[in-house]
Amino acid sequence: MAEDKKPKRPVPRIDEESRPFWEACARHELYVQKCRSCGKVLYYPRSFCPEDLSPDLEWVRCSGKGSVYTFTVTYQNQSSGFRDKVPYVMAYVELEEGVRMLTDIVGCKPEEVKIGMPVEVTFEDVTPEVSIPLFKPIGR
Amino acid sequence: MSIKGKAAVVGVYEHPLRWAPHKTQYQLMAESARGALEDAGLTIKDVDGLFTTNVGGMGIISLAEHLNLNPDYLDSNSLGGSSFVSHTGHAAAAIAAGYCNVALILYGSMWSSDRFAVGTGGLGSSDPPEQFESPFGSTLIGSYGLAAQRHMHEFGTTSEQLAEIAVTMRRHATLNPLAKFRDPITVEDVLASRIISSPLHLLDCCMLSDGGGAVVVTSAERARDLKKKPVSILGAAEACYHTSAGLRDLTDAAAKQTGPKALARAGVTHKDFDMAMIYDSFTITVCVTLESLGFCRKGEGGAFVQNGRIGLGGELPINTDGGGLSSNHPGMRGIFLIIEATKQLRGECGARQVKDCELALCHGTGGNLGFRHSGATLVLGV
């Protein structure tokens, strides 16, 4: 049935600015960028530095570790892919590299999630080309 | 060049319907235009500036065609719910610059009849920035939940304090014959309502309704000859906040950038205001906006909204119409902020009238606090 063939999550439309990021995720590696011109670390990936428009960016491999900056347990989401996932935990994780990224917290009950909780990245393979970076409590 | 006092709101109209499956968006807008122009004592032939958003296959041009207008000035600034607050400021600037004489700002929406899942429908798009959000189940309500959760963590804000905002809005709505929800609620009722996305309960969230509204702005000179007391536009400002390339502080809102500018342009301070219309998409929106505008210190929004301070009779009555939480919210309610503030300043609010109302602030928030949003502040006075 068509529903079975649909990816488990909305799949990002990979474009030329984000391709290296998503290809790294497919390898289960998390990267952010750093501007060689001004030193700014940035997420989400772009082809230029938002601080000075410099095209001179380098990819920085993340440790994969961070902490929960904030979260919300969502009980209602009408869109396909999430209708049946509720409740799920959406969160901003502050990476060790200093930027905050949106993600979901998995690997624990929603009521266990706390701001400040140490987490590490884990990847969910959604299609053969796309894996999504999620975060789980460290050690689980 | 300052716009202060150069233009005035001279006509307002809020469409009375909250559920209108038998109407179209254009109908709601045309009926609202008729009402506002009658209120102003002007006609559609006087209109030479048009302001709107979220309409038509070709946007504002489609609306102009439907109304058979050929304005000298068009503005469809699209900032979400705050658009119409922005439009009013833009109208004042255009009039002050001599680009048009009579501005018509129009809104109409059938989102309730259309069953458009604004809050919980999933924020789509595979393009940035949503490309990095939609895989995680991002929703509008979820993004406000993120902001509220962080605010509670940093400042100890409680669900009870946020609930006070909903309770106050409902109390005001009981005095507004047009409001959709008019049965009083208590803090306990809010906390007992189901959680949509933590920590926000159902009653922390604005409704979805159909609706429409119109505002007419003209020059101060022209306003003097018209029927009603002109409501002078004293200052305006707008801004947008977003994830700031990975650094976003969720407890600040765009109001932090617009508040000081709008007040400085109007030459007023926070203590001068007799009432305020603060966009209430969610209870947390009001709390954060009050802090960011500078009515209280950061983190003190929770205490600020307690003990009757933001209710009629209090120090700073907010959303005397009942707000998006209790009166109406067709998806983008910015125009109703201008309409209600104008009626208050004219002394037309009857049972919900703020005594000696001479200075009002309108602040619209468009989008969502957790990912990206706009802020538009307007200072109105008589």
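Strands here are DSSP runs of E with at least two residues, numbered from the N terminus. The model is predicted.

Start with strand 5 (195–197) and strand 6 (200–201) of chain B; B:Pro199 lies in the loop between them. A cis peptide bond joins B:Ser198 to B:Pro199, with omega at about 0°.

A cis peptide bond also joins B:Pro128 and B:Pro129. Here omega is about -5°. B:Pro129 sits in the loop between strand 4 (102–109) and helix 4 of chain B.

The axes of helix 4 (residues 140–155) and helix 9 (residues 283–293) of chain B come within 10 Å and cross at roughly 60°. That angle makes helix 4 of chain B oblique to helix 9 of chain B. The crossing of these two helices is left-handed. Helix 4 of chain B contributes B:Tyr144, B:Ala147, B:Ala148 and B:His151 to the contact. From helix 9 of chain B come B:Ile284, B:Thr285, B:Cys287, B:Val288 and B:Glu291. By class, the contact residues are 6 nonpolar, 2 polar and 1 charged.

Now turn to two asparagines in loops. B:Asn54 is not a glycine, yet its phi is positive, about 60°. It is found between strand 2 (49–51) and helix 2 (60–67) of chain B. B:Asn54 counts as partly exposed because its relative accessibility is 40%, and that class runs between 20% and 50%.

B:Asn68 is in the loop between helix 2 and strand 3 (73–75) of chain B. Its phi is positive too, about 60°, although B:Asn68 is not a glycine. At 58% relative accessibility, B:Asn68 counts as exposed.

Key
Residues numbered from 1 in each chain as written. Chains lettered and ligands numbered in written order. Predicted model: local features only at pLDDT ≥ 70, side-chain atom pairs only at ≥ 80, totals over all residues. Heavy atoms only, no water. Axes fitted to C-alpha atoms, helices over the stretch in contact; angles between N-to-C directions. Helix = DSSP H or I, 4+ residues; strand = E, 2+ residues; numbered from the N terminus. Parallel < 35°, antiparallel > 145°, perpendicular 65-115°, else oblique. Left-handed = near helix turned anticlockwise from the far one by under 90°. Contact = heavy atoms within 4.5 Å. Nonpolar A, V, L, I, M, F, W, Y, C, P; charged D, E, K, R; others polar. Buried < 20%, exposed > 50% of the residue type's maximum accessible area, 1.4 Å probe, protein only.
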